[in-house]
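Here is a short report on a two-chain model.

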Amino acid sequence: MFRLRAWQVHASLMLLLSMFIVYLQAYVLGRMQSSWFHVDLATVFVVYVSIEHLLLGALVRIFVVAALMHMFSGAPDGFYLMFFMLALVISNILARFFALHKLNSQFLIFAGIFCLKFVLVYGSLSKVQRVPDGWAFLFKVAPSLIMTTLLSVPLFALFATIDSLFDASARRDHRQELVEN
Amino acid sequence: MLVFRRYGFALLVLSAFVFPFAFYSSDVAVRRDLSFVEKLVYTVSRPVEFVFNLATQQSRGLIRSYVDLRGARVEADRLKDENAKLSVKMQLLQEVEKENERLQKLLNFVRQVNLKFVSGQVQSGDPSFLYKSIRLNRGESEGILPGMAVVAAEGAVGVVMRTLAGYSDVLLLNDPNSNLDVIVARNRRRGMLEGSSGQTMLFKYADRGSRVLVGDEIVTSGLTGPFPRGIVVGKVARIRVEPDGVTQVIEVEPAVNFAEVSEALILLRSSREVDVIRKLGGVDWMKKLVESVPGRSGG
């Protein structure tokens, strides 16, 4: 009889979770009028996966999220792939210097990466000569930035709980050992 | 696998930092058709979409029914009153229409407004929260093509930017990448309406000497782009002078509240320019042309 291993179930569940997150963002949060509901769950997920999962698995999940986000969004081609790859690399580099199992470190790194997104969007608008007024742009994105950054901590905890169900935190254990040593 | 473990991250770092250079220096189209990988991911995720579609439609229906019931009596009375007024108005207008037809015949006018359309329901919004697009539940199978105009009861909504069998993505008029050829309804002065990162749109490149006032209605020109002329786009909300003292920034409030649009009509009349290109050079040539001009959409 065909039996799935724990990592296979974990990989499938993560794939399903990535789809669920993008659809939730497009179907529910994307239709909300108030910017305070514009929580960028996909970016939180990508940053978490980049920090906590092994590189190959993280890459696959990031490609899936980037493809789905591009499919729903009016963003220019390649925008999400570029942003998510940068998020993966930056969070991985930072993970070598900080003890990222602590939530406050995760929070700071997430806030930094999330700000990077707005810089990239600003750049992509400049590309088509639609440079927005800096302050107006910041004012517009502020609610989304604040809400997403605040919610990133409980969301990280939620994703960590899901991971712990499958004992899939090999990378975290490895990093813990490094920190302790 | 061993090579990936050893050099994977280094390669990733390299590609992640080269990618932005390629992205910002390239002249590729803002949006193109979905790639094979994206189509594959979409196909795999269809069951999740089905569940979300069903759940959101049901919940929206429930909320709408509740809201409708709350003010039903007041609304019914108001509508009865309005109906009576409108029937009188309609009788008068029928007379005017007959007269108009007679005059048009006299002047050899050809009736231009003969629109076919498909109605669609809005399924989802833009998950980026920064770019502005919506997805309608009508696609290629209903004859919808990229470049077709989308309107709601209140006015123009946007332009179809991408289609698949069961859905079409619409770039809203207030998206930063949107352009539309418009005129001021009061004095027929022409200009270009561009989307912005905010909720308003910007009226640009107005004719020399155009006098635009706050409250002026902006309508589609019908001269270029997929929209027939005279469809309401918005009203001038603010006019401010740039620090250089010469340039004016005219902000236009959209007639349609894009966040509340639940149904829209897709006009089965594509852009005249796109039609000509399609007939002359075929689809491939048109694709190449569209890809070579970044940021072009709408009018």
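Predicted model: local features only at pLDDT ≥ 70, side-chain atom pairs only at ≥ 80, totals over all residues.

## A residue to start from

H10(A) is partly exposed, because 19 other C-beta atoms lie within 10 Å. The cut-offs are these: a residue is buried if 20 or more other C-beta atoms lie within 10 Å of its own, exposed if 12 or fewer, and partly exposed in between, with C-beta atoms placed from the backbone. H10(A) sits in helix α1 of chain A.

Residues are numbered from 1 along each chain as its sequence is written, while chains are lettered from A and ligands numbered from 1 in the order in which they are written.

## The two chains

Chain A has seven helices and zero strands. From the N terminus, its elements read α-α-α-α-α-α-α. Helices (H or I, at least four residues) and strands (E, at least two) are DSSP runs, numbered from the N terminus. Chain B has five helices and twelve strands.

Of the 181 residues in chain A, 40% are buried. For chain B, 30% of 299 residues count as buried. Two residues are in contact if their C-beta atoms, placed from the backbone, lie within 7 Å. Take contacts between residues at least 6 apart in sequence. In chain A, 71% of these join residues at least 24 apart. In chain B, the share is 57%.

Two packed helices are described by the angle between their axes and the distance between the axes. Axes are lines fitted to C-alpha atoms, for helices over the stretch in contact, and angles run from 0 to 180 degrees between N-to-C directions.

| Helix pair | Axis distance | Angle | Crossing |
|---|---|---|---|
| α2(A) and α3(A) | within 9 Å | roughly 165° | left-handed |
| α3(A) and α4(A) | 9 Å | about 150° | right-handed |

A crossing is left-handed if the near helix is turned anticlockwise from the far one by less than a right angle, and right-handed if clockwise. Angles under 35 degrees count as roughly parallel, over 145 as roughly antiparallel, 65 to 115 as roughly perpendicular and the rest as oblique.

By that scale, α2(A) and α3(A) are roughly antiparallel. On the α2(A) side, the contact uses A42(A), F45(A), V46(A), V49(A) and S50(A); on the α3(A) side, it uses A58(A), R61(A), I62(A), V65(A) and M69(A). These residues divide into eight nonpolar, one polar and one charged. Here Ala, Val, Leu, Ile, Met, Phe, Trp, Tyr, Cys and Pro count as nonpolar, Asp, Glu, Lys and Arg as charged, and the others, Gly among them, as polar.

The pair α3(A) and α4(A) is also roughly antiparallel. From α3(A) come A58(A), I62(A), V65(A), A66(A), M69(A) and H70(A), and from α4(A) come Y80(A), L81(A), F84(A) and L88(A). Nine residues of this contact are nonpolar, one is polar and none is charged.

## Between the chains

On chain A, 46 residues contact 50 residues of chain B. Which helix of chain A gives the most to this side? α3(A) does, with nine residues. The chain A side has 29 nonpolar, eleven polar and six charged residues.

## The cores

A nonpolar core is a set of buried Ala, Val, Leu, Ile, Met, Phe, Trp, Tyr and Cys residues joined through C-beta atoms within 7 Å. The largest has 51 residues, and V22(A), V46(A), V65(A), L68(A) and F84(A) touch the most other members. Its largest share, eleven residues, comes from α4(A). Apart from this core lies another, of 39 residues, including Y167(B), L171(B), V252(B) and F258(B).

V22(A) touches A42(A), V65(A), L68(A), M69(A), F72(A) and P127(B), leaving out residues up to four places away in sequence.

## Two loop residues in chain B

Most residues other than glycine have a negative phi. F129(B) has a positive phi, near 65°. F129(B) lies in the loop between β1 and β2 of chain B. It counts as buried, because 23 C-beta neighbours lie inside 10 Å.

R188(B) also has a positive phi, near 60°. R188(B) lies in the loop between β6 and β7 of chain B. With 11 C-beta neighbours inside 10 Å, R188(B) counts as exposed.
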